[in-house]
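The following note comments on selected points of backbone geometry and helix packing. Please read it alongside the model.

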Amino acid sequence: MDFAALWNSLPDYAHSGVFIVAVTLVLVVSVAMLTLWERKLIGWMQLRRGPNRVAIFGLLPGLGQPFADVIKLLIKEVLVPAQSSKFLFRIAPAITLVPAFATWAVMPLAPGFSIANVDAGLLYVLALTSVGVYGVILAGWASNSKYAFLGAMRSAAQIVAYEIAMGFALVGVIMASGSLNLGTIVEKQHGAFLAWNWFWLFPLFIVYFISAVAETNRAPFDVAEGESEIVAGFHVEYSGIAFALFFLAEYANMILVSALISVFFMGGWLSPLDGIVAADSALFQIPLLGTLLNNGLHWLVAKTFFFLCVIIWLRATFPRYRYDQIMRLGWKVLIPVTIIWIAVEGLMVYFKIGPWSA
């Protein structure tokens, strides 16, 4: 029996299991490489070399740095404060990490492919992305440390403010696509670059991007772990691999929100030339160029990588906002902008303007 026949003979749950393991492994490796890419990219921006010592088999100096960091953190002792709530202290990193991976179950990776094709996939994404903050709050509270607790409280207030703005921004996406299914949201953006949601929902696109950066506690919104103010914030009492899990969750969330921005506003796996180059064009017969022009996973990866670079760029460019500035931006700017543009979009739907003209 050949491999194709064996694969087709397996039940659906076996297929899903294989895909889950494959996506998880790719994400773990991607997180490791993202830590290296961030240090190298910021190094180039600041005229530094970045990691350039640890090599793999003597090749590509710096490429082995993420693996060296993992080994170092694995062999360090995990210290649990004597006066802490020990069970919650130990489980908090997992609560932060698991939603960042579980959300990929409904992510449309390619035309007609996702691990779980859920009609209410958008609600599933909103639910899981909201759960991650509980790990941060529990880590701060269970540590029995004033510095950790202060960081957790700042994070909770920040997440609440930007979660509302993010949810309102996605209301506009639902109005544009008429569906909660992430695959359908991508398919509704069928057409060229200007047919994607970012064009007609540009204010909501900007609000969602800013909220996504704030949700992941990334600079300039990293007040939850402001080293100069609260000594690393909510994870100050963590060490070893428990400390590493928080950063694994942060970088996994960076990849997740970049992919979600691509799906909601940038056409997901759709090609920028979709609808411009005819399906029977001779360009599709050119081996490499034809593959690139087709819709597929490579476009989702490219868009995700672009937004990851922008998030890293923000860290290298902007100083950290004050806490009151972050609250003002979330409550007094982003939320009103989303409400106003949802009303504008409602008028466009009613008067059949733009993509709603058909």
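1. Helix H6 passes H14 in a left-handed crossing, a term used if the near helix is turned anticlockwise from the far one by less than a right angle. H6 and H14 (residues 323–350) pack at an angle of about 15 degrees, their axes being 9 Å apart; axes are lines fitted to C-alpha atoms over the stretch in contact, and angles run from 0 to 180 degrees between N-to-C directions. The two helices, H6 and H14, are therefore roughly parallel (angles under 35 degrees).

2. The contact of H6 with H14 comprises 21 nonpolar, 5 polar and 2 charged residues. Nonpolar covers Ala, Val, Leu, Ile, Met, Phe, Trp, Tyr, Cys and Pro, charged covers Asp, Glu, Lys and Arg, and polar the others, Gly among them.

3. The model is predicted: local features need pLDDT of at least 70 and side-chain atom pairs pLDDT 80 or more, while totals for chains, interfaces and linings use all residues. Residues are numbered from 1 along each chain as its sequence is written, and side-chain values use heavy atoms, without hydrogens and water.

4. Most residues other than glycine have a negative phi. Leu47, however, has a positive phi near 55 degrees and is found in the loop between helix H2 (12–45) and helix H3 (65–74). Leu47 counts as exposed because its relative accessibility is 80% (exposed: over 50%, 1.4 Å probe, protein chains only).

5. Asn144 also has a positive phi, near 60 degrees. Its place is the loop between helix H5 (121–142) and helix H6 (146–177); helices are DSSP runs (H or I, at least four residues) numbered from the N terminus.

6. The peptide bond from Ala219 to Pro220 is cis, with omega near 5 degrees. Pro220 lies in the loop between helix H9 (202–215) and helix H10 (227–230).

Conventions:
Buried means under 20% relative accessible area, exposed over 50%, partly exposed in between (1.4 Å probe, protein chains only). Angles under 35 degrees count as roughly parallel, over 145 as roughly antiparallel, 65 to 115 as roughly perpendicular and the rest as oblique.
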